[in-house]
Amino acid sequence: MANRILTGIKPTGQLTLGNYIGVLKHLKEETERGECFYFIADLHALTLPIEPEVLRQNSIDLACFYLAAGIDTSKAHLFLQSSVSAHAELNAIMQNYLYMGELSRMTQFKDKSSKMKESAIGLGLFAYPVLMACDIVLYDANIIPVGEDQIQHVELTRDLVNRINNRYGDVLTLPKYEVRKVGARIMSLSDPTKKMSKSDPKGDIFLKDDLNVIRKKIMSAVTDSGSEVKFDEENKPGISNLLTIYAALKDISIEEAEKLFEGYRYGDFKKAVADVVCEELGAFQEKYRQILESKQYVKVLQEGAEAAQKVANVTLKRVKKAIGLLEVNE
Ligand code: ATP
Ligand code: MG
């Protein structure tokens, strides 16, 4: 079977450099490997409180960011998760095949819910991996490019696929995650022991930040008291993170980056990182602005939804039949 590649991003806030390096930057080249399904995970964005207008604006922004990443829409379908009702329908089925115990062990749930009062934690946040599994299997996707934080959810999807296939025959396609060698987990500049996250408003690099602000944030990134530019995640998490950012954007290995900065002082090293980030994001922002103004995302999302619906409905029908839901329209 030809490759099917799927990835989603939640319109929960301003996209960060982490989203860009971990996923967005590579989506263009993925279109060479197979049929791509890229979506705006707007149903997932509802798992934490969000204002309607903010959600709408974030969704438009995200569509423009996907397009600014240079994806060829004749090879990649870009769509809103909520435009394809099969996601919600399959979710109603699959929630019966994933269990409370395994969902409670998910790191993302633990991280996000630990900051909340129990009475405010929605069921959707807990059941997030069920919907994510549906997102994946609906398209028979076999390749799932993600950042490191989503590996656990793809693993759980694999468990679900095996569970369903063992019970009902060969119904679903087994997916595999792919993370980048360099940049699968970009850390926060203000606290390099924490993942950079768009729902965390504190001092991370947002893709729409003014270039001067980006430069300032990098120059004041937390580092250690030493003086050597060396990759050592345990003792030098801040420097290691900046080396990762540089290497990922330049498409070189960490070792190559380390060599380049041998003998550099922290200040000069940070300046070089800021230069490369500003160069890349400056060009990216320019494309984003053009796309936003031209409103070309509207047609792209309409066509993307149509193409996605076709594929998703076939899978949904196959699942319904396999598990014994009576079909009277055949
Ligand atoms: P949120 O805080 O809302 O969860 P997020 O920044 O984690 O926001 P997601 O929408 O959850 O973004 O994830 C979109 C994609 O970006 C996923 O594939 C995720 O693994 C990847 N990603 C997120 N953060 C990083 C990061 N710091 N480094 C690399 N990849 C990341
Ligand atoms: Mg996340």
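Hi everyone. Helices here are DSSP runs of H or I with at least four residues, strands are runs of E with at least two, and both are numbered from the N terminus. With that in hand, α1 gives the largest share of the shell around ligand 1, 3 residues.

Some housekeeping: this is a predicted model, where local features need pLDDT of at least 70, side-chain atom pairs count only at pLDDT 80 or more, and totals for chains, interfaces and linings use all residues. Residues are numbered from 1 along each chain as its sequence is written, chains are lettered from A and ligands numbered from 1 in the order in which they are written, and side-chain values use heavy atoms, leaving out hydrogens and water.

So, which residues are closest to ligand 1? Among the 22 that surround it (a heavy atom within 4 Å), they are Lys112, Asp149, Lys195, Lys198 and Ser199. β1 (4-9) and α1 (17-22) each supply at least two residues of that shell.

Now the polar contacts, meaning pairs of N or O atoms within 3.5 Å. A polar side-chain atom of aspartate 149 lies 2.6 Å from an oxygen atom of ligand 1, and one of lysine 10 lies 2.8 Å from an oxygen atom of the ligand. Glycine 18 brings a backbone N or O atom 3.3 Å from a ligand nitrogen atom. On its own, ligand 1 has 590 Å² of accessible area (Shrake-Rupley, 1.4 Å probe), and the protein covers 98% of that.

Note on methods
A polar contact is a pair of N or O atoms within 3.5 Å; within protein, one must be able to donate a hydrogen and the other to accept it, and residues adjacent in sequence count only if both atoms are side-chain atoms.
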